[in-house]
Amino acid sequence: MCVSLKRILCKLNIQCSDWSEFGPRSTRLKNGFRANCPRETLFHSVDDTLAAFCGKMVPFFLLFFFAASPLLSVSSHNTSAGCAIIRPPRDGGIRYRGLTQEQIRSVQVLPVDYEIEYICRGNRVIVGPKVRKCLPNGTWTDLSQQSRCLFLCPRVWTSLENGRVSSWPQGLPVEGTVLHYNCFPGFILMGRNSTQCNKWGKWDTPKPVCHYDRHFKALGKKKLYIGALFPMSGGWPGGQACLPAAKMALALVNERADILPDYELELIYYDSMCDPGEATKLLYDLLYTEPIKIVLMPGCSSVSTLVAEAARMWNLIVLSYGSSSPALSNRQRFPTFFRTHPSATLHNPTRVQLFQKWRWTKIATIQQTTEVFTSTLDDLEERVKEARIEISVRQSFLTDPAVAVKNLKRQDARIIVGLFYETEARKVFCETSQEFLDQLMSKLGGKNSEETGGFQEAPLAYDAVWALALALNKTVGPLKAKGHRLEDFNYNNRDITAEIYRALNTSSFEGVSGHVIFDAQGSRMAWTLIEQLQGGSYKKIGYYDSTKGNLSWYGNDKWIGSGPPADQTMVIEEFRYLSQKLFVSMSVFSGLGIVLGIICLTFNIYNSTVRYIQNSQPYLNNMTAVGCMMSLAAIFPLGIDGLHVHRKHFPIVCQFRLWLLGLGFSLAYGSMFTKIWWVHTVFTKKDDKKDKKKHLEPWKLYATVGILLGLDILSLMIWQIVDPLHITVEKFTRESPKGDLDVLIQPLLEHCSSEKMNTWLGVVYGYKGLLLLLGIFLAYETKSISTEKINDHRAVGMAIYNVAVLCLITAPVTMILSSQQDASFAFASLAIVFSVYITLVVLFVPKMRRLITRGEWQSDAQETIKTGSTMNNNDEEKSRQLERENKELQKIIQEKEERVSELRSQLSERQALRSRRRPSTVSNQNHSNPPLGVPPPDPRSLAPPPGYPGPTSDLHAVSPTFANSSSLYQPDNKISRNNCHTSRLQMLYK
């Protein structure tokens, strides 16, 4: 047998508490005796089979823990209790469990009950005690027995075909071991009768052999020879237990006076090593060396295939005790083959029945790449396919199963059908007679049954010898009637072969493995016994009769948990819902915001006749308040998920989310955008800078809001008609709950989505984003404009800043956090709440404060009656503007007065100079005829400038400076361009 089961089981690395075991381990016939199950077939679930092995490992780990714990305490506390460290044997060392190299160097005394283990270098083995334990008296156990590391001599010398070997001393063949050889009667020993193992691990003489003595004449009975191939080594060393069992059967048969009274059966055997190549050579030796063998008995399926196919050429009957390959059931290919070992396919119907009983619809297989397991798996695949059972994972290996086992773990294989050889038998499952077991154990010399190859097939080898003996005994009479004898058999005598074939084909007796009977293909017919490991021992839980398809169930099967293990990891779908605490908190904020919106809306409607409220466009403010309340109302459907409504009603919730949020944004932001748009359009044009009284018609404002709202309604309607919203489910990485290996949690999250969700969101976000950016630009451009028609446009600009920033941040963040329901909802809800609260507070609270603190609750008619009331905000702005203009004009007038004074002094000097040059006579003439060089003064030049009072008016009404400046104005009107407008001069003295 090719690979150890322990190597496969240990690769799974699964806790012992998670496993139990069941599986058809043996067969039982009608009379209640058990037949051994095929050693090649292992049927188990991953959740079941490891308990036997893991259970043996638990004491080791507990021992390791309790041994290491006191050692650590000794290393950390100086105490004399314990044993001093001893020296290891030559060519060996000591393994200190639980200690590092540094601790080994520092520790001088080991605690009580601490165990050390001797290890040897190279190919040496320990002879003597391998483990020593520290006793309370400060000494180590078994100090009287020396432990040595010696080379192991080849074990092939310890067995002799057709002879006996005695060893002294008993135990492993190491240095100093002496073997003595003796041949059976009828055989001659060729070689020395003794050999000794030297210190280099070699025998000092070649191995002797026993040759048949053709001149030997037995007294009394005639001998019939059986040629057998027992695999004493190799992949499956089944001959270690099967050969003693066969010898036990031969001894009993030869002692019986009623079975072959004139004959004695003699066994001639060789070690096939379960290798077809080696078996070919040995088969040649059996056939072409004396004496003639009447029957051949191979063991392994691979060897039996070779022997059975060749035996028909020599007219030999082949009776196998350990072959389970389904291919051997072919009568055309193997016409003379029989076996006491059931076919590997015998248990496939049982497997299918158990799969259906425990509702397993998915299994996995792991097989060794040999013909026997390939044929078994092919038959199993056909049967499970008919039963609608899926083989989800198929793994195979040649020698090392590590990779195959890793693949099974990675692909979550739960129910595994294992088809491979076992190097070491795990347990004898069949309930053979206690007498047989006692005799077999005595033949094995007290060896551990679990470490003896072929122990579970030993009853089959025992029954094979009995089946052959009974068949030969049945042929004595018919052959005698035909004039033949069994001793006359040769490889060309078909008559004797035919009689032996008919006798075996009709055999029926009770053996130690159960009722022995063969079908038409020469295979063992048997029931399948189903056992389960319960509390450390195997309990019968049922039988299956494959010939009738009848499953007998005791109903005493036990499992870890409520029932049989799952055939696959159960995936439990679990929806992720919004945190209810978060939803309630945001709902409270939303409700308070709606109450605030109602208060603001009521205030605005009630005071709509107040001039200050009228100048803020109250209807647009009402739209803003309504839009804010709709946006806050959208928080409720945003937080509603599958926890609150049924799945079929969820699309309605999606529609509420979309329409409430879309229309609320359009009303709230659209009304504010309209105000700032028209302020920028009307009051920032160059042609209109001088005309601050430009009329702003209200219907244009309402039309702008209507256009924005209509665009949103149109786009949303097209979206819902072309690609309506529906519920989609997002799947996340599966999660493993603690303490349950058979369950995985599949987190799911419900979303409102459509087929082209990203396209629609891109259009909506692009359109809204442009409006937000344009709103920010317009708010910045109109921050210094004052207008009487929209007196709160600066507050609107501030609200636009906040809304735009929050929306531009929230939109991409919520898309990124869409898979995190709590974070996405919290971010979106807080953005809505902050935007709405800021908008309502900025737009309405200042108005409430003004009306409350200044008492401006009167309408326009009431305000005209009260003359002593303070001026409104527009009058104050106009007054401040006039004051600024008055200061500018005063500065200009002062500059003009200085210029007039300078020109007046120059004119006076020029007139004085002229008067000195003219004679007095000439001055008289000038009264009648003015000189040509000097034109007469224009009366208009002496007239006062426009807007100034004439010279005849009262001088106290105008400053003397202005009165004296009237002579400075010339006819050419060069100075007139600097004159001030009458209205502006009047403004200086208002």
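**Group meeting: a predicted chain, from loops to helix packing**

Let me start at a loop. Pro169 sits between β11 (163-168) and β12 (178-183), in the loop that links them. Its bond to Trp168 is cis, with omega about -5 degrees. Keep in mind that this is a predicted model.

There is another cis bond to show you. It runs from Glu290 to Pro291, and omega is near -5 degrees. Pro291 belongs to the loop between α6 and β18. Why flag these? Most peptide bonds are trans, and most residues other than glycine have a negative phi.

Asp91 is not a glycine, yet its phi is positive, near 60 degrees. You will find Asp91 in the loop between β4 (83-84) and β5 (92-96). Its relative accessibility is 28%, so Asp91 counts as partly exposed. Cys274 also has a positive phi, near 55 degrees. Cys274 is in the loop between β17 (263-270) and α6. Is Cys274 buried or exposed? Buried, because its relative accessible area is 13% and the cut-off for buried is under 20%.

Now the whole chain. It has 990 residues, and 45% of them count as buried. The secondary structure comes to 28 helices and 31 strands. Take the contacts with a separation of 6 or more: 70% of them join residues 24 or more positions apart.

Next, helix α7, residues 301-311. Its buried residues are Ser301, Val303, Ser304, Thr305, Val307, Ala308 and Ala311. What do they pack against? The partners are β16 (222-229), α6 (276-288), β18 (293-297), β19, β20 (337-339) and α9.

Stay with α9, residues 371-386. Its axis and that of α8, residues 348-357, come within 10 Å and cross at roughly 40 degrees. The two helices are therefore oblique to each other. The crossing is right-handed. From α8, the contact uses Asn348, Pro349, Arg351, Val352 and Phe355; from α9, Thr376, Asp379, Leu380, Arg383 and Val384. By type, the residues of this contact are 5 nonpolar, 2 polar and 3 charged.

Last, confidence. The chain averages a pLDDT of 77, and 79% of the residues score at least 70. Where pLDDT is low, the predicted coordinates should not be read in detail.

Notes: Residues numbered from 1 in each chain as written. Predicted model: local features only at pLDDT ≥ 70, side-chain atom pairs only at ≥ 80, totals over all residues. Heavy atoms only, no water. Axes fitted to C-alpha atoms, helices over the stretch in contact; angles between N-to-C directions. Helix = DSSP H or I, 4+ residues; strand = E, 2+ residues; numbered from the N terminus. Parallel < 35°, antiparallel > 145°, perpendicular 65-115°, else oblique. Left-handed = near helix turned anticlockwise from the far one by under 90°. Contact = heavy atoms within 4.5 Å. Nonpolar A, V, L, I, M, F, W, Y, C, P; charged D, E, K, R; others polar. pLDDT = per-residue confidence, 0-100. Buried < 20%, exposed > 50% of the residue type's maximum accessible area, 1.4 Å probe, protein only.
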